[in-house]
Amino acid sequence: MRIGEVSTSYGTFSPWIRLYSPGGVLIEEDASASDAQIAHSVTNGGVYTVVVENYDSGGAGTYNLRYANAGKTFVVPVGDEGGGLANCENHFGVIGLADIDMWTFSADAGDSIRLRIAEVSTDLGAFSPWILLYGPDGSFIKNDTNSSDAEIVYSATTGGVYTVVVENYISGGAGTYNLRYANVGKSFVVPAGDEGGALTNGANHVGIIDLADVDLWTFSADEGDSIILRAGEVSTELVSFSPWILLYGPDGSFINHSASSSDALISHSITTGGVYTVVVENYVSGGAGTYNLRYANAGKAFVVPAGDEGGALTNGANHVGTTDLGDVDLWTFSADEGDSIMLRVGEVSTELVSFSPWILLYGPDGSFITHSTSSTDTLISHSATAGGVYTLVIENYIAGGAGTYNLRFANIGNPFMVPPGDNGGALSAESFPEGELELGDLDLFEFSACAGDPIQLDCIELVDAGGMTLQLNLYDPDGVLINSDTGSSEATIPLLAAPAAGTYTILVFSYSAGGTGTYRLEHNGLQDGIRLCSAEVNGLDETVFGVGAEPGSTNVLWSTTNLVTGTWEPTATNFADSAGFVIHSNELDTAEDQRFFKVERH
C-alpha cells in the first residue's frame, strides 16, 4: 500500500497510513510529508483494515491511496500503466506520488527471465526506479533499485503468471520509466527503431544500448557446431558502457556470458541443435553506448561485410586485414586428406592499446582443431586428416585492442603464388636466391627432380633484424615432409637422394615468433621446370617419362637417332597431368640402334 499527497487544503498535510490485522491488531504504519508506504506479507487470511489520517494536527489535504495484492487479479486505472508484458518490448510508464504500476508475464518452469528498468526522466524530487518480482502464488522473489536503471535476473522455478511491481524507491519523487522484459528462448518482438533478431554468419550487427535496454538476437546451430560471439564497444553515449553478451540454449537455459569495458567474447561448442538466443546489455548500470556484434559459426557459409576482410585464401599469397574491437575475420581454404598446411599471421601494426594476432583452425565439419597466438606473429602447422573446406578465424587475443595483420597460407605440394616483391618460386641452377623474412612470412620455393637425384640445401642467415631463427623444410611431391633443420645462423639439409620423381617444395621461415631478417638459400644446382627422367623399354613398348611441367600445359616431345648429324623431329604432343608428369608410350622400332629424346613446352 502506498499513499501520496495530492494537495494540501490548509495547514500541513502528511499522509499517515496504518494497517490492522483481522483481529484489530496494529501491524505496521508509515507517514511522510509527501507519500508513505507499507509492504506486508500476510500471515493470516481475513479482512484487513487500513486507516488513513493526517499525521500533522491542524491540517487537511487530498490523498491518493494505492493497494496492490501481488498474484491476484488487478485493474489498471484509466490513464495509468500496467498489464501484460510483451517479450522484449518497451513498456513506458509514469510513476507519480504513491504510484504503483503492476505488470504481469507468463513463464514456464526453467524459463530464463530478465527485467530491466530505467529512468527516462525525473518529474518531481528524486526518482529511482524500483522493480519487485512476485511468483504466481504472490510470494516475493527479489527486487532491485538504482538511481538510473535496475535489473532482475531470475530462473523461473514454477510455471504460471508472475507479477512485476514498479515504484519509486525514494519517497516524495516522481518520474518516467522504461521497462524491458525478456523471456529468453521464447518468441520475442524487436521494438521499432531498436536492434535484434536473426544473426547472419560473419556479418556486422550494430546496435545501441540505452538505459535498461536489452537486445535479443538469435541464430540456428547444429550439434557439434563451433560458435564465436564477440561484441565490441563502438562508442559510449552516457557515463560508462561495457558490452555484455549472454548466450542461452534452445530451451532458454543459460550457457555462458562475457563482459568487458571494450569488447567481450564467447566461444562455445554446440551440444544440442536448435535456435540459440544472444542477449546484449550494458554490464554497468547507468550507462549507454553503441556496439558491434559479430557471430561466427565455423564450417557454415558466411558473409564478409563490405570493407572488411575474409573469404577464400590463395596458396602462398599475402592476406592483409584489420581487426577492430569485437572483430572476427573468417577465411577458408580447401585441402585434401594428407595435405600439409602452414598458417602464419604477423602483426603489421597496433591501432589501439594492444594487438596479439590469434588464429583458430576448424575442420570441414566445423569442429575445432587447434589455435595459436603471440604478441607479434603466430603459426599453425597441420596435416589435414579429412578433405574439404577448412575455416580459419582471426581475432585479437587481447580484449580492448585492435591492429592490422598479414596472413600467409601454404598448402605444400599444391601450386602456389609468390606475392609481388616477395621471395620464393622456381629455383635456378645458376643462382642462389636471397630473401627477407618479415613477421608472419612463409617463403616457398620449388624444383623438379627425378627419382634418385641428389638434393642438398643450406640456408644461411645474412642479417638478423630481430630474433630470427632459421627454419628449413623440404617436402616431397606429395607435400610430405622429408627433412628439416633449425639454426640460429644456418639451417642445413644434408645430401640425400630424391625418393620419387616430381616437384619438390622448400619452405623457409623464422622458427622463433617475432623473428625477422635476411637469408641466402644455397643448393647443389637444383632447378624447376620440365625435364625428362627416363626412357625405358619393356618388351616392345617404349615409354618416355618427364616431370616438372606446369599441370595442364601442352608439351612437345622431340626425338632423334643421332645427336651430331640427326634432325630433331616432334614425336608427340602431350598434356601434363595434375602432378606435372609427361608420359609418352610408343611401339619400339627394333631396327634402330638408339634414339634420343628431349621435351619442350609448346
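Residues are numbered from 1 along each chain as its sequence is written, side-chain values use heavy atoms, and hydrogens and water are left out. Because the model is predicted, local features need pLDDT of at least 70 and side-chain atom pairs count only at pLDDT 80 or more, while totals for chains, interfaces and linings use all residues.

**Stop 1: the largest pocket**

Start by selecting His40, Val42, Ala68, Asn69 and Ala70, which lie nearest the centre of the largest pocket among its 28 lining residues. (On a 1 Å grid over the protein atoms alone, a pocket is an open set of points where a 1.4 Å probe fits, with protein on both sides within 12 Å along at least five of seven lines; lining residues have an atom within 4 Å of a point.) The space here is about 830 Å³, a volume being the space filled by probe spheres set on the points.

E11 supplies three, the largest share. (Strands are DSSP runs of at least two residues, numbered from the N terminus.) Coloured by type, the lining shows 16 nonpolar, nine polar and three charged residues.

**Stop 2: the second largest pocket**

Next, select Pro415, Glu446, Thr503, Pro551 and Ala579, the residues nearest the centre of a pocket lined by 31 residues. About 680 Å³ of space lies in this second largest pocket, and its lining divides into eleven nonpolar, eleven polar and nine charged residues.

**Stop 3: an open sheet**

Switch to a cartoon view and find the four strands that form an antiparallel open sheet in the order E8-E15-E10-E13. Strands E8 (90-95) and E13 (149-155) stand at the edges with a single partner strand each, so one side of each has no neighbour in the sheet. From one strand to the next, the twist averages 20°.

Zoom in on E10 (residues 112-124), which is joined to E13 by seven bridges; two strands pair if DSSP finds at least two. Here Leu115 stands opposite Ile152 in E13.

**Stop 4: aromatic rings**

Finally, show the rings of Tyr362 and Phe368: their centres are 5.6 Å apart and their planes lie at 65°, so the pair is edge-to-face. (Rings of Phe, Tyr and Trp, its six-membered ring, pair if their centres lie within 6.5 Å; planes over 60 degrees apart count as edge-to-face.) Tyr362 is buried at 5% relative accessibility, whereas Phe368, at 42%, is partly exposed. (Buried means under 20% relative accessible area, exposed over 50%, and partly exposed in between, with a 1.4 Å probe and protein chains only.)

End with Phe105, Tyr154, Tyr162 and Tyr181, which form one aromatic cluster.

Methods:
Nonpolar A, V, L, I, M, F, W, Y, C, P; charged D, E, K, R; others polar. Axes fitted to C-alpha atoms, helices over the stretch in contact; angles between N-to-C directions. Phe/Tyr/Trp six-rings, centres within 6.5 Å; stacked < 30°, edge-to-face > 60°.
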